[in-house]
Amino acid sequence: MAELVLDEAAKSGAITTPVIVRPGQIVGPLPEVDVGKGSGWNWSAKEVVPSLILSSSSIRVLPDSLREKDKLRWIPVNVCARIIAELAGHENTASRGGDVHADVYNITNIPLDQPEITWSQDMLPVIKRRLQNATQAGRAVDIVPLTEWVQRMEKHGATADNPAIRLPDFYEELAVSDPHAGLGADIETTKSRAASPSFRAMGPVKSEWMLHWMRGWGL
């Protein structure tokens, strides 16, 4: 629908270079000392993944999978902003028969020629080790199915150390989601990668990113 609207706007002359950007999972920023953003500029602890990790620290269990969101195709918000700016300035390539049509770009962090970074295989060990070493030292953090994690999180109740309790419906739906649908489905990014230097330079999600965000949450 958005593409049709922009196509009509371009034909009418209301806009000359229509661009549609479809971002995936936008997450916290990476440090950017050069623009004066320090460790205080962080991924909001009120969002889904930070709340999950903070509650996990309290209940001492982590989910073994994020199901639909298990593939960590995360785009740091400050990197996403640069990508969008570059795509907006990219020469429109969707002209057909002399008419200007909307260019459509997907922004999601899918590595090329290497396995995808996942919660269950790559990030979970990093987070578990951090929680065991940095908070309530000596208390083990167990790994459980996401459905059980939701049950234990809800049983913990509405306490200050359980921010995930604000989003029970979201986590319950996530627990029964299809890992190969939604954000876990096949998504084409070749066009976006070709048009944006920041996209090409971003690289896959790294454990260092997660540790940076966790420090910002006091973990």
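Student: Leaving aside its neighbours within four places in sequence, which residues is Ser 120 in contact with?

Tutor: Contact here is heavy atoms within 4.5 Å. With those neighbours set aside, Ser 120 is in contact with Asp 64, Asp 70 and Pro 125. Keep in mind that this is a predicted model, where local features need pLDDT of at least 70 and side-chain atom pairs count only at pLDDT 80 or more, while totals for chains, interfaces and linings use all residues. Numbering runs from 1 along each chain as its sequence is written, and side-chain values use heavy atoms, with hydrogens and water left out.

Student: Where is Ser 120 found, and what joins its side chain to that of Asp 70?

Tutor: Look in helix 4, residues 119–134 (helices are DSSP runs of H or I, at least four residues, and strands are runs of E, at least two, numbered from the N terminus). The side chains of Ser 120 and Asp 70 are joined by a polar contact of 2.8 Å, a term for N or O atoms within 3.5 Å, one able to donate a hydrogen and the other to accept it; residues adjacent in sequence count only through side-chain atoms on both sides. Check Ser 65 too: its C-alpha atom is 5.1 Å from that of Ser 120, although 55 residues separate the two along the chain.

Student: Why does Ser 120 count as partly exposed, and Asn 42 as buried?

Tutor: Buried means under 20% relative accessible area, exposed over 50%, and partly exposed in between, using a 1.4 Å probe and protein chains only. Ser 120 is partly exposed because its relative accessibility is 24%. Asn 42 comes out at 18%, so it counts as buried.

Student: What does Asn 42 touch, not counting residues up to four places away in sequence?

Tutor: Pro 29, His 212, Trp 213, Gly 216 and Trp 217. Asn 42 itself sits in the loop between strand 2 (26–27) and helix 2 (48–59). A polar atom of the Asn 42 side chain lies 3.1 Å from the backbone oxygen of Trp 213.

Student: How many residues does the largest nonpolar core have?

Tutor: In soluble globular proteins, nonpolar side chains tend to be buried together. A nonpolar core joins buried Ala, Val, Leu, Ile, Met, Phe, Trp, Tyr and Cys residues through side-chain atoms within 4.5 Å. In this model the largest one has 47 residues, and Ile 53 and Trp 149 have the most contacts inside it. Helix 4 gives the most to this core, with 6 residues. Beyond four places in sequence, Trp 149 touches residues including Leu 52, Ile 59, Val 61, Val 144, Ala 164 and Tyr 171, with Ser 55 and Ser 56 also among them.
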